[in-house]
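Here is a short tour for anyone meeting this structure for the first time. Have a look at the sequence and the model, then follow the topics below.

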Amino acid sequence: MESSSTTRHDSSANRADGMEPLGGAEPLIDAHAHFHSPFTNRADWETYNASRLGAGRRIGVRSHVASILGSWGYTSPTYFASPADQTRANDFMVGLAAQHGPLVRAYAAVNPNFTAHALKEIERGAALGAIGIKLAAGRRADDVLVDEIASAAAQYGMPILQHVWQHRRHDWPNQDASDGLDLARMAARHPRTTFLLAHIGGGGDYAHTFPAVLDHANIVMDLSGSGVDRGMLDLALATVGAERLLWASDLTMCTGLTKLRALSHTGATPDDISAMRWRNAVRIFPKGAFDGALGRSAPSGDSRITSAVQA
Amino acid sequence: MNPIATVADAAAAVVTARVDVGAWIGGYPFRDVPHPDPETLAERVLPREGYTAAWVGHLPGAFHRDPSSSNATLYRALAPHRERLHPAPIVRPDWPRWEATLAEAIAEGAPSVRVYPAQWGLGPGHPALAELARACGEAGVVLHLTVRFEDLRQRHPLDRAGDVSAAVLRGVARLPGSRCHLVVAGAGRELIEETHWGLTPLEQGRVWYDFSWLWGPPEDHFAHLVRTIGPERLAWNSFWPLRLVQQCRSLIDLLPEADRARAPDTAFADGACIAEAARSATRSH
């Protein structure tokens, strides 16, 4: 495998103060981020957004790949966003991405219960620069209503970030949560689509998730979530390997920094760490999605970068 | 440039003398935890993460009925590492002869003793907990209370203890005339606020909170608490071997710049200053 030190990227930190980022100088892509819009349940939404961008600068995040889940519960439930709320949220999200250039990239978030609307939002999002699809918990991941969305993802070459509860032993309030087994069934039906299983540290038993998705190469996982259990990263690396893991932060950037700092103590090689920090993101998102963030002038479709589906 | 060295060195660059208030040795009944041995903690982890020492409990004992053998194992295991690993044995106050267990802890030089009210079924205002708290206060030993070991969402079906409530914490902190100094481990923002703001200023001054479970940016619960209750009430805690030990460092590093200027590393509490406060209180009457 090619060493990260030989790849073409801008190695300068994106901190205004010139100090080396807390997370190290090597590129870092946050594959699971969120912002708020003015149509939300909190008055401090601008502070929240600024805090994410500020912490990202200090950690060294080159690109926040982000979504807004409807109104975050203000006018429809977070995980069951109404079509109107989701359209408004996506509008704001692609606007934010346009405003920040390579630093912020957008997911088109959709509710599969409104399939026609969801497909339209994906088409519209792709045209406006969205680079992925976000599915929360409006239906289980293996529900037939998700099939058309998974097909659309393959058509546009976009991954689906699927909200997952690690080992769902029962129903949880306010969501139709999916777990690794649910997503594995969907991934088997759509081998040309890449699924990004959300937040292995975001609640539930991650130890169940890794074997559940092991045989499905088109499922990759993000490391985000407030959970910082010792052994979680080690087990993920040992079970599915670094090529299927992406660094991310979701709601807690502090635990993201902690995981970055802990990775070197898990036995992960420098090449493994590069893969998790940015290279796997470059592989699964559309070609060129991070060229600006990585300081590349040419499209990022290196010959060695093939999708998990193709591998 | 080696990217691994870069990140690790950046984290380790800020090394000051501080004592971790919350580590354990030993295994956890509901999942595997790497390196539960005292050697790894004493020789590799604490120096690497900028801790000079740690208050160390015996994790399996939290799930035993009788803590005697757990404490014996703890003292034995820590004997070769006493300079860095300070024993924090369990004292179960609803168990016969707990006073002897506390006396043994004092004789062993324990700076703190551990209690697990959720695992023992001791609710708010339980008289046994109150008796132990008073005895700890008189002895100048810190009472260390663990709210939770894991996030509620991931617990084993047999792990039905639940989290310790704010009412339990307030009950211990409010004991009239008590000199008990309390460290609360594993609490989130709500539990800390429901406890802290439910106490008088005098009572507040005897309670510290492990801050390793708080959320940093973009929610910024940690920054909020640094501004409101103050860094002096928040204590460095590794939560070894259950959680990644870098979390306290990351939280401080990510404080907004204005907060960071007001709250340098040394503004936060650690085992040394809390133990001294507990000892000082015994001399003040």
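Leu145(B) touches Val115(B), Pro117(B), Val164(B), Leu182(B), Val184(B) and Ala185(B), leaving aside residues up to four places away in sequence; touching, or being in contact, means that the C-beta atoms, placed from the backbone, lie within 7 Å. This is a predicted model, in which local features need pLDDT of at least 70 and side-chain atom pairs count only at pLDDT 80 or more, while totals for chains, interfaces and linings use all residues. Residues are numbered from 1 along each chain as its sequence is written, and chains are lettered from A and ligands numbered from 1 in the order in which they are written.

**Around Leu145(B)**

- Leu145(B) lies in strand 5 of chain B; helices (H or I, at least four residues) and strands (E, at least two) are DSSP runs, numbered from the N terminus.
- Leu145(B) counts as buried because it has 24 C-beta neighbours inside 10 Å. The cut-offs are 20 or more other C-beta atoms within 10 Å for buried, 12 or fewer for exposed, and partly exposed in between, with C-beta atoms placed from the backbone.
- From C-alpha to C-alpha, Leu145(B) and Pro89(B) are 12 Å apart in space, and they are 56 residues apart in sequence.

**The sheet of chain B**

- An open sheet in chain B is formed by 5 strands in the order 4-5-6-7-8, with parallel pairing; two strands pair if DSSP finds at least two bridges between them.
- Strand 4 (112–115) and strand 8 (234–235) of chain B are the edge strands, each pairing on one side only.
- Strand 4 of chain B runs parallel to strand 5 (residues 142–146) of chain B, and 4 bridges join them.
- Opposite Val113(B) stands Leu143(B), in strand 5 of chain B.
- Helix 6 (residues 127–139) of chain B lies across strand 4 and strand 5 of chain B and runs at about 140 degrees to strand 5 of chain B. Such angles run from 0 to 180 degrees between N-to-C directions, and axes are lines fitted to C-alpha atoms, for helices over the stretch in contact.

**Chain A: overview and strands**

- Chain A has 10 helices and 8 strands, and buried residues make up 59% of its 311 residues.
- Among contacts in chain A between residues at least 6 apart in sequence, 74% join residues at least 24 apart.
- In a regular strand the side chains alternate between the two faces of the sheet.
- From strand 7 (residues 219–222) of chain A, Ile219(A) and Met221(A) point one way and Val220(A) and Asp222(A) the other way, and all are buried.
- Strand 7 of chain A pairs in the parallel sense with strand 6 (residues 195–197) of chain A over 3 bridges, and Leu197(A) stands opposite Met221(A).
- Strand 7 of chain A is also joined by 2 bridges to strand 8 (residues 245–246) of chain A, and these two run parallel. Here Leu246(A) is the bridge partner of Asp222(A).
- Strand 6, helix 6 and strand 7 of chain A make a right-handed β-α-β unit; a crossover is right-handed if, with the strands pointing away from the viewer, the path from the first strand over the helix to the second runs clockwise.
- Strand 7, helix 7 and strand 8 of chain A make a right-handed β-α-β unit.

**Helices 6 and 7 of chain A**

- Helix 6 (residues 206–213) and helix 7 (residues 232–239) of chain A pack at an angle of about 10 degrees, with their axes 10 Å apart.
- That angle makes helix 6 of chain A roughly parallel to helix 7 of chain A; roughly parallel means under 35 degrees, roughly antiparallel over 145, roughly perpendicular 65 to 115, and oblique the rest.
- Tyr206(A), Ala207(A), Phe210(A) and Pro211(A) of helix 6 of chain A make this contact with Met232(A), Leu235(A), Ala236(A) and Thr239(A) of helix 7 of chain A.
- Which residues of helix 7 of chain A are buried? They are Met232(A), Leu233(A), Leu235(A), Ala236(A) and Leu237(A), and their cover includes helix 6, strand 7, strand 8 and helix 8 of chain A.
- Gly241(A), which follows helix 7 of chain A, has a positive phi, near 90 degrees.

**Where the chains meet**

- In all, 38 residues of chain A are in contact with 32 residues of chain B.
- Helix 8 of chain A gives the largest share of the side of chain A that touches chain B, 9 residues.

How values were computed
Contact = placed C-beta atoms within 7 Å.
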